[in-house]
Amino acid sequence: MPLLLLDLDNTLLDRAGAFRSWAQNFLSEIGAPADDLDWLLSVDADGLTDRWDVADAIRERYGLRTPSIELVDAQHEGMAHYTRLDPLIACALRIAGDAGWVPVVVCNGTVRQEDTKIRRTGLDRYVADWVISEEVGVSKPNPRIFALAAQRARMHLRGAWVVGDGPEADIGGAAAVGLPSVWLHRGRRWVDRRFAPTRVVDGLIQAVAAVLVGC
């Protein structure tokens, strides 16, 4: 029974879509132009920008007196509210489990944010466990977080696959620990010459199929 080590945001859950929905609603609430959505999406940088920095950018652009901590909380709550688990992804995880794979989430982020999304969406019913970087004190691509995930599942890393959309965090992490990987390209081209994914696919469903065939 090998491990299937899965990224969370934009792999199992549509983080980009959830942030877009929150951003549209937030801008409408403060009376900002709808065209500012592109600006806010660029500031967010697909989740790579710290939530506090996003909050400070919003305060500065719109001259808001709202404390930054309230804007950070609004982002956390908004993301949790708008994040949904695609039933087809749930089905794919169940198929992987029936085929003998043990799905474990390995993600960078805060316990508050990531744990909430996993539980509120019902994703916890389809994975064996999850490891969050803030909780264990180490982040992807550090190989140690994958080893900790294996320990959490009481399994070996031997035979495991890594699936994710992050070139550095997921695929670089897989390369560092010597595991095969599947990269979710999301319309991007692979450009890193230091390492490369074993498979390149469009989404999680195709990734599970690639792992089942590749094993």
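Tutor: Let's start with terms: a pocket is an open set of points on a 1 Å grid over the protein atoms alone where a 1.4 Å probe fits, with protein on both sides within 12 Å along at least five of seven lines, and its lining residues have an atom within 4 Å of a point. Grid points are joined across faces, edges and corners, and a volume is the space filled by probe spheres set on the points. Our model is predicted, so local features need pLDDT of at least 70 and side-chain atom pairs pLDDT 80 or more, while totals for chains, interfaces and linings use all residues. Residues are numbered from 1 along each chain as its sequence is written, and side-chain values use heavy atoms, leaving out hydrogens and water.

Student: OK, which residues are closest to the centre of the largest pocket?

Tutor: That pocket has a volume of about 860 Å³. It's lined by 35 residues, and the closest to its centre are Asp-9, Asp-46, Gly-47, Leu-48 and Asn-108.

Student: And which helix supplies the largest share of that lining?

Tutor: Helices here are DSSP runs (H or I, at least four residues), numbered from the N terminus. At least two lining residues of the largest pocket come from each of α3 (51-62), α4 (68-82), α6 (111-120) and α9 (167-177). The largest share, five residues, comes from α4.

Student: Switching to rings, what angle lies between the planes of Phe-19 and Trp-22?

Tutor: Rings of Phe, Tyr and Trp (its six-membered ring) pair if their centres lie within 6.5 Å, with planes under 30 degrees apart called stacked, over 60 edge-to-face and the rest tilted. The model has five such aromatic pairs. Phe-19 and Trp-22 make a tilted one, 5.5 Å centre to centre, with an angle of 45°.

Student: Why are those two about one helical turn apart, and which residue joins them in a cluster?

Tutor: Phe-19 and Trp-22 sit about one turn apart because they're three residues apart in helix α1 (residues 15-29). Both are buried, where buried means under 20% relative accessible area, exposed over 50% and partly exposed in between (1.4 Å probe, protein chains only). Ring pairs link Phe-19 and Trp-22 into a cluster with Phe-26.

Student: Is Trp-190 buried or exposed, or partly exposed?

Tutor: Trp-190 has a relative accessible area of 23%. Trp-183, by contrast, counts as buried at 2%. So Trp-190 comes out as partly exposed.
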